[in-house]
Amino acid sequence: MRLSGPRFLVLVGLLGIGIVVATDQIVPASSAHQAQMRVWLAARATGIVAYLLLVAQVVFGLILSHPTNQTTWKLSKRLFPWHENLWMFVLAFLAAHIVSLLLDPYAGVGLAGTFLPGLSSYRSSPVALGTLSMYALIVTGLTARYTRLLPSGLWLKLHRLALVVVVLAWLHGTLAGTDTEALETMYLVTGGLVLGAAAYRYWVARQARPTFSTSLPDANLEPRMKEAVPR
């Protein structure tokens, strides 16, 4: 079930409350440094949560499109609502991440650097990767929700950009974050999870495709002829 307008507003409200609590904004800051750290913590926390939700969404998508899921696992009914609605959660935390960076005067990203790749004064290239990941995320999400407005099959081709989204987000987090060393395990586990799920899904799909030799008429008829021969 898709998130309606009121439910999305509730989501945004809960997100705001969570940020306030997580960054200790209930009690006024005792110093300018503490106030600065709160904004930075909000930016880092929301960015990390958005990344983890994105990883979950992509992994669910790989499971849903896995050839074995249609015949054996049959997890589509359970996983599809999560895969569909997680996009809204990713966008919500991504928006909070961007707003936090814009409110932080020491971040060095700025409005132009947020939406135009290469214009950030802080680690221009890694921040640009995050911007590109954001745009690719929006494209994959919108085209999947409004498939009727597109030519047949086009949305699926664009939807495969989801792997590009998570790769760019991974590079953005590891290269732009100042706490990458502390989060090294998280990045290695999530990156390996996506890579492994993608490799397994496409390897199984490739194994199921007929090769040139198996598609030849003689190759298909030979086993049947052997069974037909009386012994």
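Read along the sequence, the protein chain follows the pattern α-α-α-α-α-α-α-α-α-α. It has ten helices and zero strands, where helices (H or I, at least four residues) and strands (E, at least two) are DSSP runs numbered from the N terminus. Of the 231 residues of the chain, 35% count as buried; buried means under 20% relative accessible area, exposed over 50%, and partly exposed in between (1.4 Å probe, protein chains only). This is a predicted model, in which local features need pLDDT of at least 70 and side-chain atom pairs count only at pLDDT 80 or more, while totals for chains, interfaces and linings use all residues. Residues are numbered from 1 along each chain as its sequence is written, and side-chain values use heavy atoms, with hydrogens and water left out.

**The salt bridge**

- The count comes to one salt bridge, defined as a side-chain nitrogen of Lys or Arg within 4 Å of a carboxyl oxygen of Asp or Glu.
- The partners are R44 and D179, whose side chains meet at 2.6 Å, N to O.
- This pair links distant parts of the chain, since R44 is in helix α2 and D179 is in the loop between α8 and α9 (184–208), 135 residues apart.
- R44 counts as buried, at 14% relative accessibility, and D179 also counts as buried, at 19%.
- In general, side chains of opposite charge can pair when their charged atoms come close.

**The nonpolar surface patch**

- L102, L111, F115, L116, L119, Y135, I138, L142, Y146 and L149 form a nonpolar patch on the surface, with about 960 Å² of accessible area together.
- Patches are made of residues with over 30% relative accessible area and no salt bridge; like charges are joined within 9 Å, and nonpolar side chains (Val, Leu, Ile, Met, Phe, Trp, Tyr) within 5 Å.
- Accessible areas come from the Shrake-Rupley method with a 1.4 Å probe, and for residues only the protein chains shown count as cover.
- Helices α5 (110–115) and α6 (124–145) each supply at least two residues of the patch, and α6 gives the most, with three residues.
- I138 is found in helix α6 and is partly exposed, with a relative accessible area of 31%.

**Packing of α6 and α8**

- Two packed helices are described by the angle between their axes and the distance between the axes.
- Helix α6 and helix α8 (residues 162–176) pack at an angle of about 155°, with their axes 8 Å apart.
- That angle makes α6 roughly antiparallel to α8, because angles over 145 degrees count as roughly antiparallel, under 35 as roughly parallel, 65 to 115 as roughly perpendicular and the rest as oblique.
- Axes are lines fitted to C-alpha atoms, for helices over the stretch in contact, and angles run from 0 to 180 degrees between N-to-C directions.
- The crossing of α6 and α8 is left-handed, a term used if the near helix is turned anticlockwise from the far one by less than a right angle, with right-handed used if clockwise.

**Residues apart in sequence**

- Q57 has its place in helix α2 (residues 32–64) and is buried, with a relative accessible area of 9%.
- Between Q57 and V166 there are 109 residues in sequence and 9.8 Å in space, C-alpha to C-alpha.
- M88 is found in helix α4 (residues 76–103) and counts as buried, at 13% relative accessibility.
- M88 and L53 are 35 residues apart in sequence and 10.0 Å apart in space, C-alpha to C-alpha.
- P105 lies in the loop between α4 and α5 and is exposed, with a relative accessible area of 66%.
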